[in-house]
Each structure stands twice: as structure tokens, then as C-alpha cells.
Amino acid sequence: MTDGEAETRTLVLLRHAKAEQPTTGPDVERRLTARGHADAAAAGAWLARQGLLPDVVICSAARRTRQTWHDVALGMTGSEGGPAGTAPVVRYAAAAYEAHPDDLLDLVRTVEPEAGTVLLVAHNPGVSLLSALLDPERADREGLRTSDLVVHRTGKPWTELTPGGAPIVDRHTARG
């Protein structure tokens with residue numbers, strides 16, 4: 001990189017994989033279904049094939065998002081060649097559960113400046129609304145489905161990420 005050249009940063013948004021239907025227990029404790037586990041692993045394999053291995057993972061502290069991240073990580077390492085480099089820094093954020101898009105954006109803004117790729121594993125409607133906030137033109141009007149990945153890119157430092165400041169460059173629905 002030359003002086004004055006903007007460093008590209010990549011933010012990957014992932015809605016958690018398919019979870020059990022709500023029961024009488026707390027929503028935060030819902031688990032993934034068998035399909036959810038398979039889809040999350042497929043998401044990890046897709047990230048590895050695309051070269052989108054995260055430096056930092058911000059993951060909601062809910063059970064289904066933690067399980068999604070675990071299976072994504074397994075999918076990344078189980079793909080051809082496996083991930084290069086070191087394991088990502090993983091932050092489990094209680095604030096990402098039932099978060100508004102501005103709250104999720106604030107979480108991303110706390111990422112270290114040297115991190116090139118960030119994976120945010122979160123819930124609807126917040127994660128879909130964050131995608132629309134970052135790229136109102138290209139965001140899916142129907143929002144992210146389970147195991148949907150949306151890739152945003154920006155030339156700004158994480159601390160300066162603003163609405164409309166990270167265009168969508170790719171999207172994928174992972175199915176195992």
C-alpha cells in the first residue's frame with residue numbers, strides 16, 4: 001500500500017442459522033436445528049473459498065448465534081486448504097442481541113484499525129437494517145434470511161464507518 005492509498009476494509013454480516021421454534025424457555029437460549037448447523041458450516045466454507053476469513057468476529061451472546069459462529073469456524077477450517085494465518089479475535093456481545101442498526105454499527109466502530117475483515121453474527125431485524133443503513137441502494141428489501149451473508153466494503157477506518165458508507169459487493173445464502 002502506498003502513502004495516501006485507502007486501505008479497503010470488509011464487513012461481512014451474517015444472520016444466524018435456522019433455530020428451533022420458540023418455546024416456553026427464554027428466547028436467548030434457543031438452539032440451532034440440524035439444518036442450521038449444516039447451513040452455518042456451509043457459510044464458513046463459502047467464506048473460506050471467497051478469502052473472507054475474519055480478523056475479528058463480533059457475535060451476539062445468544063445461544064443460536066454462538067452456535068452459528070462455532071459451525072462457521074468449523075466450516076472455514078474444513079474447507080480446502082483451511083484458513084491462513086491466525087484465528088480471529090472473537091467478541092461475544094450481549095449488546096448485539098435485539099440490537100438496533102445504530103447499536104450494531106457502534107459495535108463495528110470499536111474494532112481495531114488494523115483489522116481488515118470483520119464478521120458480525122447477529123439477528124433480524126437489526127442485521128438486515130444495518131445492511132440497508134450501510135448501502136440503501138443495494139440492500140435486500142426483504143432482509144436477510146437465516147444463514148444469509150452480505151459483504152460490504154469501505155475505504156474508511158472502522159471508527160469512521162457511516163450510513164451509506166459501505167457498498168454491498170457480494171451476498172450469499174448458505175445451505176448445507
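Which residue of strand 5 is the bridge partner of Thr10? The bridge partner is Arg153. The points below place this pair in its surroundings.

1. Basis of the note. The model is predicted; local features need pLDDT of at least 70, side-chain atom pairs count only at pLDDT 80 or more, and totals for chains, interfaces and linings use all residues. Residues are numbered from 1 along each chain as its sequence is written, and side-chain values use heavy atoms, with hydrogens and water left out.

2. Overall composition. The protein has 4 helices and 6 strands (DSSP runs numbered from the N terminus, with H or I over at least four residues for helices and E over at least two for strands). From the N terminus, the order of elements is β-α-β-α-β-α-β-α-β-β.

3. Dimensions. A compact globule of 176 residues would have a radius of gyration near 16 Å, and the 15 Å of the protein agrees with this (taken over C-alpha atoms; the globule rule is 2.2 Å times the number of residues to the power 0.38). Along the principal axes, the C-alpha atoms fill a box of roughly 55 × 35 × 25 Å.

4. Surface and contacts. Of the 176 residues, 47% count as buried (under 20% relative accessible area, with exposed over 50% and partly exposed in between, for a 1.4 Å probe and protein chains only). The protein exposes about 8500 Å², of which carbon and sulfur atoms supply 52% (Shrake-Rupley method with a 1.4 Å probe; for residues, only the protein chains shown count as cover). Among contacts with a separation of 6 or more, 76% are between residues 24 or more positions apart (contact means heavy atoms within 4.5 Å).

5. The 6 strands form an open sheet in the order 3-2-4-1-5-6, with mixed pairing (two strands pair if DSSP finds at least two bridges between them). Strand 3 (89-93) and strand 6 (168-173) are at the edges with a single partner strand each, so one side of each has no neighbour in the sheet. On average, neighbouring strands are turned by 15 degrees against each other, direction ignored (axes are lines fitted to C-alpha atoms, for helices over the stretch in contact, and angles run from 0 to 180 degrees between N-to-C directions).

6. Strand 1. Strand 1 (residues 9-15) pairs with strand 5 in the antiparallel sense over 6 bridges, and Val12 stands opposite Val151 of strand 5. With strand 4, strand 1 pairs in the parallel sense over 6 bridges; here Leu14 stands opposite Val121. Because 7 of the 7 residues of strand 1 are buried, the strand is largely enclosed by the rest of the structure. In a regular strand the side chains alternate between the two faces of the sheet. Accordingly, Arg9, Leu11, Leu13 and Arg15 point one way, while Thr10, Val12 and Leu14 point the other way.

7. Strand 5 and Asp148. Asp148 belongs to strand 5 (residues 148-154) and stands opposite Thr173 in strand 6. Asp148 counts as buried because its relative accessibility is 5%. Its side chain reaches the backbone nitrogen of Arg145 at 2.8 Å (a polar contact is a pair of N or O atoms within 3.5 Å; within protein, one must be able to donate a hydrogen and the other to accept it, and residues adjacent in sequence count only if both atoms are side-chain atoms). Not counting residues up to four places away in sequence, Asp148 touches Leu13, Leu14, Arg15, Gly143, His172 and Thr173.

8. Helices on the sheet. Helix 3 (residues 101-108) lies across strand 1, strand 2 (56-60), strand 3 and strand 4 (117-122), and runs at about 145 degrees to strand 4. Helix 4 (residues 126-134) packs on the sheet and touches strand 1, strand 4, strand 5 and strand 6, with its direction at about 150 degrees to that of strand 1. The buried residues of helix 4 include Gly126, Val127 and Leu130; helix 3 is among the elements that cover the buried residues of helix 4.

9. Thr68. Thr68 is found in helix 2 (residues 63-78) and counts as buried at 1% relative accessibility. Leaving aside neighbours within four places in sequence, Thr68 is in contact with Leu14, His16, Ala17, Leu32, Ala40 and Val121.
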